[in-house]
Amino acid sequence: MEHAIYLVTLVGTALVVAAAFSSLIAFRFGAPLLLLFLCIGLATGTDGLGIQFDNARIAYFAGSLALAVILFDSGFGTPLNALRQAAGPALSLATFGVLLTTGLFGAAAYYLLDLSWLESFLLGAAVASTDAAAVFFLLRAGEINLRERVRSTLEVESGTNDPIAIFLTITLVEVIAAHANPEANVLVTNLILGFLVNMGLGAIVGVLGGLAIVRLVDRLNLDHGLLPIFVLTLSLMVFAAAGAIGGSGFLAVYIAGLIAGNSDIRAVTILKRFQDGMSWLAQIIMFLILGLFATPSQFPAIMVPAIALGLFLMFIARPVAVWLCLVPFRLPRPEVAFVSWVGLRGAVSILLAITPLLGGLENGRTIFNAAFIIVLVSLVIQGWTVGPLARRLGLIVPARLGPLDKVELELPGSAHHELLAYRVAPGSPVARGERIPRWARPSLVLRDGRSMRFQDMGRLAAGDQVYIFVPDRYPRLLDKLFASRAVVDPDDADFFGAFAVDPERSAAELEVAYAPGLTEAEQKQTVGALVTARLGGHAEYADRVLLGPIELIVRDVDDKGRITGLGLSFEPTAPVARVPVFLSAGEIGDRLGAFIRKWRKPAGAQVTAQADDGPEPPVEKASAES
């Protein structure tokens with residue numbers, strides 16, 4: 001017995017260490033990390049080193065707990081501004097997108113695999129959700145500075161679509177296991193009612209649990225070493241409580257993390273660091289267990305139809321579902337195309353594919369093997385192409401800030417202030433004499449090994465280390481003051497246009513100078529308001545709006561999302577690929593409006609855009625460091 005304990009511990013820790021080392025390979029070559037974890041599990045399983053693990057209940061239990069930890073950390077790290085920015089598109093994808101993907105994929109699975117209609121839809125529900133861990137690791141490993149709206153949409157979607165896919169999968173397993181063959185309208189009605197109850201109870205428990213976590217952390221004076229464990233345990237209690245009363249535990253734990261992470265919770269820096277490590281450990285454990293549970297020698301029997309289904313999911317089911325869900329939103333076609341492609345399938349799909357085995361379904365192993373192969377196909381094809389596709393679609397933007405050396409220090413006994421340590425970078429605004437705002441209180445400066453008061457130092461110099469007391473919800477202004485200039489790639493030198501435009505100027509001046517075809521209502525707006533309206537009411541850094549012969553580029557926005565800087569270019573300067581599909585409702589409306597205006601315009605009343613030597617444009621020459 002004692003020898004077995006040592007042997008199991010040795011093998012288990014060796015697998016975790018191997019997975020940790022594999023992350024170095026993934027960061028170096030941009031490989032999908034989940035794929036490496038799964039391969040390690042496969043290599044050590046039944047058909048590899050011979051480790052026997054076929055307990056579906058243990059695999060599902062461990063995977064569910066690991067997923068709960070990951071979802072709590074995902075919610076904890078999602079800022080409210082990202083949720084507001086992407087709530088509409090992301091929630092549409094997480095609900096209707098999952099249903100559409102399930103339906104389209106299930107229809108294809110019925111004709112390609114020897115499954116009934118309900119079993120086909122069950123397989124579709126299992127592979128209908130995306131894997132956030134795989135997506136965002138690829139974005140980080142490839143050093144991809146993605147547009148904030150796209151990143152937020154993917155983040156919120158991946159955090160909210162898992163509970164819906166889990167509900168669909170478990171419900172279909174129960175129906176099939178009961179040997180029921182309900183009519184379509186009865187099944188749809190039961191699914192809708194069950195969905196409302198499951199998600200409603202999960203949301204209520206999540207809100208109450210999140211508020212309780214914040215209150216307990218603030219009221220109880222726990223040691224900082226015990227506090228992260230206390231919060232993690234409370235999050236699992238929320239997960240279990242919601243599931244025990246018939247709600248979605250996964251939705252509850254995500255909402256609880258969202259509320260806790262966006263409140264004035266104590267020791268937030270310590271909690272973030274601990275949860276980041278726990279999330280990594282949960283991912284490694286979940287992926288390794290699922291890899292061990294699989295039996296690759298059974299794959300050849302369904303290899304061809306499973307690969308065909310994986311390709312159908314990537315090229316037809318997911319893109320169609322994404323386009324239909326995002327039609328009401330004014331999202332550019334490149335962004336819609338990227339979201340449709342980055343629907344990577346991962347550990348959640350494999351975890352859900354275990355439920356048919358738990359339910360004792362006749363074709364349970366076939367469904368699991370098919371889902372596993374589909375996940376592998378998704379990771380191999382989509383996982384390697386996320387970075388190149390983002391660059392091809394012009395969704396990569398130049399870095400707003402250069403290198404920044406900052407350390408956040410938690411202050412014992414203070415729930416509303418932090419101590420930040422900045423090292424002054426050469427060429428940063430503070431090194432050039434920019435003043436530190438009054439709401440920030442510099443207390444100490446280290447220079448050449450000596451510590452002095454900030455008031456006695458005079459002007460800060462490169463290499464100084466400055467300690468500053470700030471409120472815990474400090475603006476991003478300090479990061480801008482202490483960051484060095486961003487290194488602009490030669491390909492991005494003209495990214496923001498050759499001219500600067502004052503966002504407060506009248507849009508009518510643009511019409512006079514360039515005749516972009518603005519309506520009378522648009523000419524009464526400011527240029528900044530016009531750009532914001534064309535972007536669907538929300539502008540972000542590096543957004544672009546094409547107006548006839550000119551293109552306006554958002555150079556900067558303030559903390560409230562208002563445009564503070566615009567650039568103007570006479571030619572599109574970003575390498576944006578023109579996607580022939582994925583027209584949004586806004587684009588359809590614009591095209592219909594332009595067609596109607598052109599049809600109504602009298603013959604010969606063509607307006608010619610002015611040349612460069614025309615009237616003085618309402619812009620100022622941009623500075624070299626814009």
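A search of the whole structure finds six salt bridges, a salt bridge being a side-chain nitrogen of Lys or Arg within 4 Å of a carboxyl oxygen of Asp or Glu. The structure is a predicted model, in which local features need pLDDT of at least 70 and side-chain atom pairs count only at pLDDT 80 or more, while totals for chains, interfaces and linings use all residues. Residues are numbered from 1 along each chain as its sequence is written, and side-chain values use heavy atoms, with hydrogens and water left out.

Glu157 and Arg318 form a salt bridge in which the closest N and O atoms are 2.9 Å apart. Glu157 belongs to helix α7 (residues 148-177) and Arg318 to helix α12 (residues 303-326), so the pair ties together parts that are 161 residues apart in sequence. Helices here are DSSP runs of H or I with at least four residues, numbered from the N terminus. Glu157 is buried, at 1% relative accessible area, and Arg318 is likewise counted as buried, at 4%. Buried means under 20% relative accessible area, exposed over 50%, and partly exposed in between (1.4 Å probe, protein chains only).

A salt bridge also joins the side chains of Glu522 and Arg534, at 3.1 Å from N to O. This pair links distant parts of the chain, with Glu522 in helix α20 (residues 520-523) and Arg534 in helix α21 (residues 527-534), 12 residues apart. Glu522 is buried, with a relative accessible area of 16%, whereas Arg534 is partly exposed at 25%. In the salt bridge between Glu509 and Arg505, the N to O distance is 2.8 Å. Glu509 has a relative accessible area of 28% and is partly exposed; Arg505, at 30%, is also partly exposed. Arg149, Glu335 and Asp543 are linked in a network of salt bridges.

Aromatic pairs number 14 in the structure. Rings of Phe, Tyr and Trp (its six-membered ring) were paired if their centres lie within 6.5 Å; planes under 30 degrees apart count as stacked, over 60 as edge-to-face and the rest as tilted. Tyr110 and Trp117 form a stacked pair, with 3.9 Å centre to centre and 10° between the planes. Tyr110 is partly exposed at 29% relative accessible area, as is Trp117 at 36%. One aromatic cluster is formed by Phe53, Phe293, Phe299, Phe368 and Phe372.

The structure holds zero disulfides, a disulfide being a pair of cysteine sulfur atoms within 2.5 Å. Cys39 is partly exposed, at 38% relative accessibility, whereas Cys325 is buried, at 4%.

Definitions and conventions:
Helices (H or I, at least four residues) and strands (E, at least two) are DSSP runs, numbered from the N terminus.
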